[in-house]
Amino acid sequence: MNVLWLVLAGFWMALGYVLAGVICCILIITIPFGIASFRIAGYALWPFGRTVVPRRDAGAASVLGNVIWIIVAGWWLALGHLTTGVLLCISIIGIPFGIANFKLIPISLTPLGHQIVPTGDRTSF
């Protein structure tokens with residue numbers, strides 16, 4: 001599934017996250033957003049077999065950072081996942097890939113305060 005995902009949607013969505021990460025790393029103050037974007041780019045390349053869990057040590061700074069992220073880049077990336085997911089759900093073969101795109105929308109909107117872990121390990125860190 002991951003290989004088909006990579007061809008159909010993963011490469012292009014990961015490229016969007018890498019672009020957002022490079023732009024965020026240009027300014028020193030937005031480097032945490034860039035790091036989060038690169039982390040999600042890897043998840044967008046290979047999503048099957050991994051899941052997102054909230055981090056217990058995330059505080060108010062991550063909430064504030066997520067609000068800034070949504071305004072600056074999050075809604076663009078979420079819109080990309082929504083559009084790609086709807087287009088993939090048109091065919092029966094593409095439905096699992098469309099669902100995977102929909103699964104990526106919450107992390108694209110709020111990347112700070114979450115961690116990507118293997119599916120079998122759903123404990124919060």
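Before counting anything, I noted that rings of Phe, Tyr and Trp, the last taken by its six-membered ring, pair if their centres lie within 6.5 Å. I also noted that this is a predicted model.

**Aromatic pairs.** With that rule I looked up the count, which comes to five aromatic pairs. Phe-33 and Trp-69 are both buried.

Next I looked up Trp-75 and Trp-76, an aromatic pair that is tilted, with 4.4 Å from centre to centre and 35 degrees between the planes. For Trp-75 I found a relative accessibility of 41%, and therefore recorded this residue as partly exposed. For Trp-76 the relative accessible area is 54%, which means that I recorded this residue as exposed. I also found a cluster in which ring pairs link Trp-5, Phe-48 and Phe-97.

**Helices H1 and H2.** How do the axes of H1 and H2 cross? I found that the axes of helix H1 (residues 2-26) and helix H2 (residues 31-45) come within 8 Å and cross at roughly 170 degrees. Because of that angle, I noted H1 as roughly antiparallel to H2. Looking up the residues of the contact of H1 with H2, I listed 18 nonpolar, four polar and no charged.

How values were computed: Residues are numbered from 1 along each chain as its sequence is written. This is a predicted model: local features need pLDDT of at least 70, side-chain atom pairs count only at pLDDT 80 or more; totals for chains, interfaces and linings use all residues. Side-chain values use heavy atoms; hydrogens and water are left out. Axes are lines fitted to C-alpha atoms, for helices over the stretch in contact, and angles run from 0 to 180 degrees between N-to-C directions. Helices (H or I, at least four residues) and strands (E, at least two) are DSSP runs, numbered from the N terminus. Angles under 35 degrees count as roughly parallel, over 145 as roughly antiparallel, 65 to 115 as roughly perpendicular and the rest as oblique. Ala, Val, Leu, Ile, Met, Phe, Trp, Tyr, Cys and Pro count as nonpolar, Asp, Glu, Lys and Arg as charged, and the others, Gly among them, as polar. Rings of Phe, Tyr and Trp (its six-membered ring) pair if their centres lie within 6.5 Å; planes under 30 degrees apart count as stacked, over 60 as edge-to-face and the rest as tilted. Buried means under 20% relative accessible area, exposed over 50%, partly exposed in between (1.4 Å probe, protein chains only).
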